[in-house]
Amino acid sequence: MTHQFDPTSLREYDIRGIVGKTLHPADAEAIGRGFGTRVRRAGGTRVVVGRDGRVSSIEMEASLVRGLTAAGIDVVRIGLGPTPMLYYAEATLEVDGGIQITGSHNPADYNGFKMVLQHKPFFGADIQDIGKLAADGDWEEGEGAVSDHDIVDDYVGRLMAGYSGGTYKIGWDAGNGAAGPIVERLVKLIPGEHHTLYTDVDGAFPNHHPDPTEEKNLVDLKALVAEKQLDFGLAFDGDGDRIGAIDGQGRVIWGDQLLSILAEPVLREVPGATIIADVKASQALYDRIAELGGQPLMWKTGHSLIKTKMKETGSPLAGEMSGHIFFAHNYYGFDDALYAAIQLIRSAHVIGKSITELRSEMPAMVNTPEMRFQVDESRKFAVVTEVLDRLRQEGAEVNDTDGARVNTPDGWWLLRASNTQDVLVARAEAKDQAGLDRLMGMIDAQLAASGLERGPQAAH
């Protein structure tokens, strides 16, 4: 027996697609067979499985479990919950790997699978290997058992362990995603006044799309913070591994700005530590980490790549513009938006300033949001290479960690190829609008030299 995946579903960091079009229950079963085979061949026997609140997740779970058990794997089901709860289960239960069924922050008709093998991210070549094992029918055979384990109380207890935050008035928007039931438990345990939005899990996402990095999805949270005069607001994506936040004035606190707040207590406790951020982060963040006595490290975008770099460098804290925040200090090193939310509350208390004050103190930069535009898959990496070649010939100051990040007297601009989609990503930051306009002109000139122009904004 063999199986062919739709090639668009085998991505860099996970397997994901549109249910009924590029992703089917038969794919879930083949993922179970393939991942189970990898676990068996690594000497393992047990895998924990969780799922998000999407309509298709129950059926996908049944097929995935069927595939795992057919490969001779014993399955521990933890049921509905955020992706970090699955990561927590994989880190603390006696298992050899874990799979979360989730479409992450994609629209309601998507679903997918995020995997962990022996406490390490499972990505890149590993995911391509699942495709190869399926195409060859090269699967282990066996008969695994299935059991259920309720880990919610343990997970919530771990999130709250040693909690030492102040008393604040906070708004929480779960966006009808899988983090909702955990948020409802946390607000009963955290001191202060709490107001929640959309904590009921609904895979149709009837109120707004659960992606807190898009400002339009924070409208209801801003209204709640203004109406109730709250200190700040917190928001989560569909599977609870990415955080968004606003201050008491309704200003967005972007991923790199959150990291600059979270870094201060960590660097007090681990002086001189390496703090990692992705290439899209503001120069103000890297400057702030250095100012606090830390070692700033710019690294490639992608949660699996950042987790791997953290282990290499012994970094206690890392983050991405996309709202993935990774704590290895007193935690497990995976991206957990609920843990990051609790640490943000603690940070304000430890630093002794309100979130609004902390946001106000940040340097005023003029920058673009993440600009994403469609480009042919066969050209996306080639274009970046062409741009880098031209920049080097011109003697530009370039960082090529992940694409081209160019420093100029006005500020910096970035052009990189997405690892997961047929898009190029651009971003620029300057001290004033005139400088930003000049930086955008440089991006457009480089694209034009490669026969491209910035098109309309592409979705994640």
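**View 1. Strands E8 and E10 pair in the parallel sense.** In this predicted model, four bridges link E8 (residues 168-173) to E10 (residues 232-236). Strands are DSSP runs of at least two residues (E), helices runs of at least four (H or I), numbered from the N terminus. Two strands pair if DSSP finds at least two bridges between them. Asp173 has Ala235 of E10 as its bridge partner. Both strands belong to an open, mixed sheet of five, ordered E9-E8-E10-E11-E12. Its edge strands, E9 (192-197) and E12 (252-253), each pair on one side only.

**View 2. Strand E4 (residues 97-101) is mostly covered.** Five of its five residues are buried, meaning under 20% relative accessible area (1.4 Å probe, protein chains only). Gly97, Ile99 and Ile101 point one way; Gly98 and Gln100 point the other. E2 (residues 46-51) pairs with E4 in the parallel sense, over four bridges. There, Val48 partners Gly98. E5 (residues 110-117) runs antiparallel to E4, joined by five bridges. Gln100 stands opposite Lys114 of E5.

**View 3. Helices H3 (residues 83-92) and H5 (residues 152-160) cross at roughly 95 degrees.** Their axes, lines fitted to C-alpha atoms over the stretch in contact, with angles from 0 to 180 degrees between N-to-C directions, come within 10 Å. So H3 is roughly perpendicular to H5 (65 to 115 degrees). Pro84, Met85 and Tyr88 of H3 make contact with Val152, Asp154, Tyr155 and Arg158 of H5 (heavy atoms within 4.5 Å). Five of the contact residues are nonpolar, none polar and two charged.

Residues are numbered from 1 along each chain as its sequence is written. Local features need pLDDT of at least 70, side-chain atom pairs count only at pLDDT 80 or more, totals for chains, interfaces and linings use all residues, and side-chain values use heavy atoms, without hydrogens and water.

Terms used: Parallel < 35°, antiparallel > 145°, perpendicular 65-115°, else oblique. Nonpolar A, V, L, I, M, F, W, Y, C, P; charged D, E, K, R; others polar. Buried < 20%, exposed > 50% of the residue type's maximum accessible area, 1.4 Å probe, protein only.
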